[in-house]
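I opened this notebook to record what I looked up in the model. The entries follow the order in which I consulted them.

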Amino acid sequence: MNGIALKSRIKVCYKCKEYIRLFPNNLITEKEEKIFSEYHSGHPTQIVNVSEWQNIKEEYTRFRR
Ligand SMILES: [Zn+2]
């Protein structure tokens with residue numbers, strides 16, 4: 001696994017089964033997370049690490065708005 005993959009986190013919405021990747025110190029990430037949070041406001045969301053993500057990713061689709 002490369003350095004970016006190790007540092008990245010994944011934010012998921014358990015209700016909609018959608019996710020975004022979060023990269024540290026990244027402006028695109030910050031903007032995307034804001035949109036994600038607004039869209040999924042009131043939904044059960046959580047930030048998970050890569051190893052947790054491996055167990056659940058099959059069920060999720062990438063968030064695009
Ligand atoms: Zn949602």
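Helices (H or I, at least four residues) and strands (E, at least two) are DSSP runs, numbered from the N terminus.

I noted that the model is predicted: local features need pLDDT of at least 70, side-chain atom pairs count only at pLDDT 80 or more, and totals for chains, interfaces and linings use all residues. Residues are numbered from 1 along each chain as its sequence is written.

I recorded the element order of the protein chain as α-β-β-α-β-α-β. Four strands form an open sheet in the order β3-β1-β2-β4, with mixed pairing (two strands pair if DSSP finds at least two bridges between them). I noted that β3 (45-49) and β4 (61-62) are edge strands with a single partner each, so one side of each has no neighbour in the sheet. Strand β1 (residues 9-13) runs antiparallel to β3, joined by five bridges. The bridge partner of R9 in β3 is N49.

I read a mean pLDDT (the predictor's confidence in each residue, from 0 to 100) of 89 for the protein chain. Confidence is lowest in helix α1 (residues 3-7), with a mean of 57, and highest in β4, at 96.
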